[in-house]
Amino acid sequence: MLGYVIVNKNELKEEEFDIYRGYYCGVCKSIGSRLGQVPRLALSYDSVFLAMILSSLEEKEPEIRREHCIIHPIEKNPAVKNDPAVDYAADILLMLAYHNFLDDKNDEHKVRGTVGSAMLRRAYKHLRPKHERVAEDIEKYIQKLSELEKEKCSSLDIMSETFGKLLESVFTGFSKEAEVNRVLGNLGMNLGKWIYVMDALDDFDKDKKSGSYNPLFYRERGREGLEDLLYTYLGNISGAVDLLDIRKNKGIIDNVIWNGLRARTDLLLQGENNGRSI
């Protein structure tokens, strides 16, 4: 379910996109410096939103350096350095990617899943004790989703809420402030629900052709009423962000929600494109 939460570059100022890209490269370099080069192959833009939300709660401006990297050996690109929120987002990205690969391996016997899970196994074992509570929740809710899929669960609400609880745990694994975590948990819950429903709708035709489980096949209303659900989740996400004390990068965060998530929702509901390719 990776790949939906990204910015709309065309609606950002040049300096804002530089900062956004700095967080992306910061996550990548954080992985490389702490966990080795191979896990960097799992890099996804989804982690940038988590990093920016958590980092935005601190007044300190990000330390951005322009550096070379393996992918860009000639041109120097911005990278956020020495930011604990970036390190946390990098860790969570790898933990979720590992389970995503593992799911592909176990359920669909894909070569990609076998190779990917093997590639990230060592990193996951290293990170799990560091984020034990979050890791346990990830494992618990992924197992629950697997069980519900085998039962051909017909409740989209139960399925999306289970994934929402997973992201609720992810978003509350960094801050130590109870009130902040209450809001972050609400943000993670609604983002998780949005992602799950988007993914089910996005994969509807593919799953029908392959025979894979999709909750919309068993839901009494099928695809009816998904527009209201998705826009409700978006409203709740925006409402949660408004309750946070965002101290920097508010314009970029709003862009992700209203020019990123909203635009993907609109296009997918219109059937003009899939949610990942914008």
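1. First, a term: a crossing is left-handed if the near helix is turned anticlockwise from the far one by less than a right angle, and right-handed if clockwise. Helices here are DSSP runs (H or I, at least four residues), numbered from the N terminus. By that convention, α7 passes α10 in a left-handed crossing.

2. A word on the source: this is a predicted model, where local features need pLDDT of at least 70, side-chain atom pairs count only at pLDDT 80 or more, and totals for chains, interfaces and linings use all residues. Residues are numbered from 1 along each chain as its sequence is written, and side-chain values use heavy atoms, with hydrogens and water left out.

3. Back to that pair: the axes of α7 (residues 178–202) and α10 (residues 226–243) come within 9 Å and cross at roughly 155 degrees. Axes are lines fitted to C-alpha atoms, for helices over the stretch in contact, and angles run from 0 to 180 degrees between N-to-C directions. α7 and α10 are therefore roughly antiparallel (angles under 35 degrees count as roughly parallel, over 145 as roughly antiparallel, 65 to 115 as roughly perpendicular and the rest as oblique).

4. Who touches whom there? Contact (heavy atoms within 4.5 Å) involves, among others, Leu187, Trp194 and Leu201 of α7 and Leu230, Tyr233 and Ile237 of α10. The contact of α7 with α10 has 15 nonpolar, three polar and one charged residues (Ala, Val, Leu, Ile, Met, Phe, Trp, Tyr, Cys and Pro count as nonpolar, Asp, Glu, Lys and Arg as charged, and the others, Gly among them, as polar).

5. Now look at α2 (residues 46–55) and α11 (residues 250–270), whose axes come within 10 Å and cross at roughly 140 degrees. That angle is why α2 and α11 are oblique to each other; the crossing is left-handed. Phe49, Met52 and Ile53 of α2 meet Ile252, Ile253, Val256 and Ile257 of α11. This contact of α2 with α11 divides into seven nonpolar, no polar and no charged residues.

6. α11 also packs with α1, at an angle of about 80 degrees with the axes 10 Å apart. That makes α1 roughly perpendicular to α11. Glu16, Ile19 and Tyr20 of α1 make the contact with Gly251, Ile252 and Val256 of α11.

7. Lastly, α1 (residues 14–35) gives the largest share of the lining of the second largest pocket, five residues. The lining of the second largest pocket divides into nine nonpolar, three polar and three charged residues.

Terms used
Helix = DSSP H or I, 4+ residues; strand = E, 2+ residues; numbered from the N terminus.
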